[in-house]
Amino acid sequence: MANKEKKDAQENKLFQTIISHAKEYGFVFPSSEIYDGLQAVYDYGQNGVQLKNNLKQVWWKAMTQLNENIVGIDAAIFMHPTVWKASGHVDGFNDPMIDNKDSKKRYRVDHLIERHAEKMIAEGKKTEAEVLLQKMDDLLAKEDFKTLYELIVSEKIACEISSTVNWTEVRQFNLMFSTEIGSVSDESNKIYLRPETAQGIFVNFLNVQKTGRMKIPFGIAQIGKAFRNEIVARQFIFRMREFEQMEMQYFVRPGEEMITYNDWKEKRMKFLQAIGLPAQKLRFHNHTKLAHYANAALDIEYEFPFGFKELEGIHSRTDFDLKNHQEYSKTKQIYFDEEVQDKEKQRYIPYVVETSIGADRLFLAILCNAYTETEGVDAKGETKTRIFLKLHPAIAPIKVAVFPLVRNSGLPEKAREVFEMLRYDFDAMYEERGAIGKNYTRMDMIGTPFCITVDHQTLEDQTVTIRYRDTTEQERVLISDLPKIIGEAVSLRKVWEKLG
Ligand code: ATP
């Protein structure tokens, strides 16, 4: 096997292992699994919801608590349909698609060609692949779908299922889900499930600015569900049809957007590292082709087991959205800037820099990064693989688990006492079933940083054994010291300090 194929196979195996782990340990389940699931829709289980909530909470606090001029909102998923006209989604939120007539499988044209180019590179045809990708980019930019179709056929790009080049023409496909509001079902009642959370912020810009007496520059942050009828829905929770976004729109004076853009680029990179993603697995990817509304854009990419892919987008969106909402709603979106001396420049529509990250995609990056396999020798001298999730304690679903060594001699009662002391401040759990060793292993699998065992000595001297997940080291500590030990490890202050 060629080196590249071998590496791909290993990465693919690792990814499949992580997906199985996520299911087996209550992180992520396929939606409606007993009905064979629903493609690209997933449910979070008992540990997954905790981890995801923790991620959302650190993001929320990093935005709203650490920045005095950023406040949060929670806008509805349903919005007036004209919002999506003004934002350009009704006319422009399309992907060019092509169907294979034999397999009936539908592909996003850019993904189909990109995959073909990857194969060419693996076969040593790097230059030809680059030429092909350049041609694709040019045709996509010109929306020349006829020539795109001809390119696919002439390059003999085949369907992965039928292996034929029997394609339909290339067509645009809108990614928004629609439904009807009210009791009468007709076109005039058609509304959309929002494909991004950002528009809920734009239409509330003046509400927040006025009621919060916000002065530019200021930001509005939001976490919420978004829906996209993604065509190519693969790679587990990387690309879902229902997902959650964490977005922040920062409103600035026109002309000052590039300074803000560069600031946020650095801040967001630091944030991702502070919550545990290693610097060498993160990189910036500047967009060379910009959307019509942007004057700068980049992705922060993370190296997933299937390669470097977009994790977060940072976009300088000019005044595009607010200007369009002003035009469509006939409501002025003007800010009066009393700090500007030049009277003619005091009134303006602010420019916007946004940071946008998927909560689910961040969850996946964190999970992939945390999944650790180490080899060690057990008590019997046998080499064993140990699996654990090396999660930052601040985001681990359970921070501390408490076990009595045996289920008698007053140990469960004492262990419960310790659990009661900890549970109000930390996500804690109590377990008296099973052997201690097995319980440690279970806790490793969900990334619990601390396990506490109560034994006979505890009754005499008020000490317990604390076992550390990453090193498996154990030490005896006083019960009264536990809140400090755990508290320091899970404190967000440590995360914030890294943000500088
Ligand atoms: P992609 O190129 O991967 O489709 P995008 O450029 O369309 O993403 P944006 O519209 O910029 O993505 O959305 C911002 C963020 O929302 C992305 O960086 C990603 O983390 C997340 N996101 C977007 N689409 C999905 C999806 N279908 N499933 C999960 N997360 C998503």
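**Aromatic pairs.** I counted 20 aromatic pairs, where rings of Phe, Tyr and Trp (its six-membered ring) pair if their centres lie within 6.5 Å. Planes under 30 degrees apart count as stacked, over 60 as edge-to-face and the rest as tilted. The model is predicted, so local features need pLDDT of at least 70 and side-chain atom pairs count only at pLDDT 80 or more, while totals for chains, interfaces and linings use all residues. Residues are numbered from 1 along each chain as its sequence is written, and side-chain values use heavy atoms, with hydrogens and water left out.

**W59 and W60.** I looked up this pair next and found it tilted, with 6.5 Å centre to centre and 45 degrees between the planes. For burial I took under 20% relative accessible area as buried, over 50% as exposed and in between as partly exposed (1.4 Å probe, protein chains only). W59 counts as buried because its relative accessibility is 0%. W60 has a relative accessible area of 31%, so I noted W60 as partly exposed.

**F205 and F218.** I found this aromatic pair stacked, at 6.0 Å centre to centre and 5 degrees between the planes. F205 lies in helix α9 (residues 205-211) and F218 in strand β9 (residues 218-227), so the pair ties together parts 13 residues apart in sequence. Helices (H or I, at least four residues) and strands (E, at least two) are DSSP runs, numbered from the N terminus. Both F205 and F218 are buried.

**Cluster.** I listed one aromatic cluster formed by F15, Y42, F236, F238, Y302, F304 and F306.

**Charges over rings.** I used this rule: NZ of Lys or CZ of Arg within 6 Å of the ring centre and within 35 degrees of the ring normal. K267 lies over the face of W264, 4.3 Å from the ring centre. R317 lies over the face of Y293, 4.7 Å from the ring centre.

**Helix α12.** With 12 residues at 1.5 Å a residue, α12 should span 16 Å, and its end C-alpha atoms are 16 Å apart, which agrees. I also noted that α12 is mostly covered, with 11 of its 12 residues buried. Among them are D360, R361, F363 and C368.

**I19.** I placed I19 in helix α1 (residues 3-24). I19 counts as partly exposed because its relative accessibility is 22%. I19 and N439 are 420 residues apart in sequence, and their C-alpha atoms are 22 Å apart in space.

How values were computed: Expected span 1.5 Å × (residues − 1).
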